[in-house]
Every structure is written in structure tokens, then in C-alpha cells.
Amino acid sequence: MKDDVAAFKRRYGHAPALAVVIVGRDAPSIVYLEQILRSCRNVGIGGQLVEIPGRVSAAALRARIRELNDDPHVHGIIVQMPLPRRIPLSAVLDTLDPDKDIDGIHPRNAGLLTLGYDGFLPTTAHAAVEILKRSGIELTGRRAVVIGRSNVVGKPAAILLLREHATVTVCHSRTRDLASVVRSAEIVVVAAGKPGLVTGQMLKRGAVVVDVGINVVGDRIVGDVDMDSARPVASAITPVPGGVGPVTNALLLTHLLRAAEAQAQEARVGRPPPLRSVASSR
Ligand code: NAP
């Protein structure tokens, strides 16, 4: 990233920059967001934390996001979730400029993903599948189970696995007999937010497990997989912490650089880059 950011600066004369929006003071989120901003600084990316008081109205939040959309010195925007209850998610989704939506939450980017075009991917789902690909795990034709169907993790992870030609089943809180579905899988991606949901007894021997969950239990951070029972059964498993999380942060920076590149090109040639379909999707 450092080299790529340096090359970007040489080419365009400015650094890529991220705006991280947080609504209301939430200590764990602030720690996490400051970590992202530190990663930005480490590779030469500019970053600002935009703290908005928790009592903000939806209209005022929209107005602040529009300012960031219009700010030529901001190339990517992420908004920390969850929002305060009073503010509908649509206040962010409908307002965010899809070209600055580097975490792939805007309906345009979700549509591009679904139809096999190269938009911004939800970063955590991207990380889960990127870990499998970079670890040399064969995905074509293999049976994958994704636990969780949220728009930010489960659903996009399932679509990305389909793109890699896996045979994908998506499970959720109403799935009957989760254990038997999980036992059929060679690849298991767990994103439920339930500590200990997947145990070694539920896994097929040799399964590859990506644990996306982040749960605070007492003073520890654990995933959704019971590591003690799963480790002896799985052939590979991502740790929590230290697995999907850091890869997500790193990929977010690559998404930002891509956004900055597209915006710089658009400023030069006067039109946005054309849509590209993704070769491996059908
Ligand atoms: P979410 O919106 O709460 O979605 C959770 C999903 O899990 C839902 O689809 C839910 O089913 C399903 N689920 C809940 N309990 C279940 C059960 N007992 N059996 C089967 N499915 C169950 O959460 P999210 O935003 O997708 O996040 C999921 C986890 O990933 C959380 O622990 C979160 O902290 C973590 N996360 C990690 C990163 C990272 O960088 N590593 C980033 C984002 C999120 P229904 O749809 O039926 O309710």
C-alpha cells in the first residue's frame, strides 16, 4: 500500500484521504476507528474522524454526509454502524455518494456486486473470501455454508463465493438443524455475532472455517466458533482476533486508493470510468 500510495501522490500531486463518520460517542467504536486512521497514516493516506453528536437529526446527518460527498479532498467515506435508533439506515444509504462508498453499503454497489460488476465490495465479506483465495483454498465446485445473511457480511460473502463457483448455502436464525447443514460444508464462513455458535462437533473433518464474528465475552474478544473443539477438526481456521479483522482494515485502504484513483481520473477526463464486469462471475 505504501508504494501504491506514493505512486498515486507522484501521479496526482495529492494524497488519498478517508473520512470516518461516527454518530454519538461509543468508546469501542472510537478505538476501532482510530486504529483505521492510524493504518491510513502508516501508509501515507490522509484521514479525518468526523464526530457527530448522538442527538443529531436525520436531516442534519444527511447534510453532513453531502458536505463530505462534495469535498474534493475526501475520496472515501465510511459511517460507523449501528446508528442511533432514531436515525434510519436509509439516511446514510440514500445520501452517500456511491463513488465514495468504499465499504460497499450503497444500493448501487450492492447491485453491481449482485450482477457481477466491479463495484465497491463490503469490506468484511471481501476479506473473508480474499483470505480463502490467498490461502490457496480451492473454491470451484466446493460446498460452502455461510452463516448470517446481513447486507454487510453474510449476503455479500455468499455472492462472492458464488462468483468463485462454490456451491453456496446461506443459513440464518430461522435455519432448521444448523448442525446438519454445517456438517455438509467443506468451507464454512460464520458471521452471526454469536459466540460458540459453531462447534467442532458440527464440522466435517478437514473443513476450512472463516470466523468473522467479533464478540466481547468478559474481558476477551472471541469469534463465533468454539476454537477448542473446532481446531482439531478443521484443516484451517481463522483466529479471532487477528484473522478477518486486520485483513478487512487492509482491504479498506485498497478500496480507498481505488476510489481516489477513479476520482482523479474523472477529474482529468471529465467522465467516470466505465462499468466493468467481473470475469469469474456468470
Ligand atoms: P448482524 O447484522 O447481526 O447479522 C447476523 C446474522 O446472523 C443474521 O443474518 C442472523 O439471522 C444470523 N444469526 C444470528 N443468530 C444465529 C443463529 N443462532 N443461527 C444462525 N444464524 C444466526 O451482524 P453482522 O453485521 O452481519 O456481523 C456478524 C458478525 O461479524 C458480528 O459478530 C460482527 O461483530 C462481526 N463483524 C466483524 C467484522 C470484521 O472486520 N471482522 C466486520 C463486521 C462485522 P437473521 O437474519 O435471521 O436475524
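In this predicted model, an oxygen atom of the ligand is 2.5 Å from an N or O atom in the side chain of Ser150. The ligand has 21 residues around it, and Ser150 is among those that come nearest.

**Ligand surroundings**

- Of the 21 residues around the ligand, the nearest are Thr124, Arg149, Ser150, Ser173 and Ile214.
- The side chain of Ser173 has an N or O atom 2.5 Å from an oxygen atom of the ligand.
- For Arg149, a side-chain N or O atom is 2.7 Å from an oxygen atom of the ligand.

**The parallel sheet**

- Strands of a sheet pair through backbone hydrogen bonds, either parallel or antiparallel.
- S4 and S5 are joined in the parallel sense by 5 bridges, and Ile147 stands opposite Cys171 in S5.
- Strand S4 (residues 143-147) also runs parallel to S6, with 4 bridges between them; here Ala144 has Ile187 of S6 as its bridge partner.
- On to strand S7 (residues 208-211), S6 again pairs in the parallel sense, over 4 bridges, and Val190 stands opposite Asp211 in S7.

**Burial of strand S6**

- In a regular strand the side chains alternate between the two faces of the sheet.
- Strand S6 (residues 187-190) is covered on both faces.
- Ile187 and Val189 lie on one side, Val188 and Val190 on the other, and all are buried.

- Glu186 is found in the loop between helix H8 (178-183) and S6.
- The relative accessible area of Glu186 is 24%, so this residue counts as partly exposed, the cut-off for buried being under 20%.
- Apart from neighbours within four places in sequence, Glu186 is in contact with Arg142, Arg143, Lys204, Ala207 and Val208.
- From Glu186 to Arg25 the separation is 161 residues in sequence and 41 Å in space, C-alpha to C-alpha.

**Helix H3**

- Helix H3 (residues 58-70) has 13 residues, which should span 18 Å at 1.5 Å a residue; the end C-alpha atoms are 18 Å apart, in agreement with this.
- Leu61, Ile65, Leu68 and Asn69 are the buried residues of H3.

- Ser29 lies in helix H2 (residues 27-42) and is buried, with a relative accessible area of 9%.
- Not counting residues up to four places away in sequence, Ser29 touches Ile22 and Gln80.
- Leu275 is found in the segment after helix H10 (244-269) and counts as partly exposed, at 49% relative accessibility.
- Leu275 touches Arg108, Leu112 and Tyr117, leaving out residues up to four places away in sequence.
- Leu275 and Gly119 are 8.1 Å apart in space, C-alpha to C-alpha, although 156 residues apart in sequence.

**Backbone geometry in loops**

- The peptide bond joining Met81 and Pro82 is cis, with omega about 0°; Pro82 is placed in the loop between S3 and H4.
- A cis peptide bond also runs from Val240 to Pro241, with omega near -5°, and Pro241 lies in the loop between S10 and H10.
- His165, a residue other than glycine, has a positive phi near 70°.
- The loop between helix H7 (154-163) and S5 holds His165, which is partly exposed with a relative accessible area of 29%.
- Asp177 is also a residue other than glycine with a positive phi, near 50°; the place of Asp177 is in the loop between S5 and H8.

Methods. Residues numbered from 1 in each chain as written. Predicted model: local features only at pLDDT ≥ 70, side-chain atom pairs only at ≥ 80, totals over all residues. Heavy atoms only, no water. Buried < 20%, exposed > 50% of the residue type's maximum accessible area, 1.4 Å probe, protein only. Helix = DSSP H or I, 4+ residues; strand = E, 2+ residues; numbered from the N terminus. Pairing = 2+ DSSP bridges. Expected span 1.5 Å × (residues − 1). Near = heavy atom within 4 Å. Polar contact = N/O pair within 3.5 Å; in protein donor to acceptor, adjacent residues only side chain to side chain. Contact = heavy atoms within 4.5 Å.
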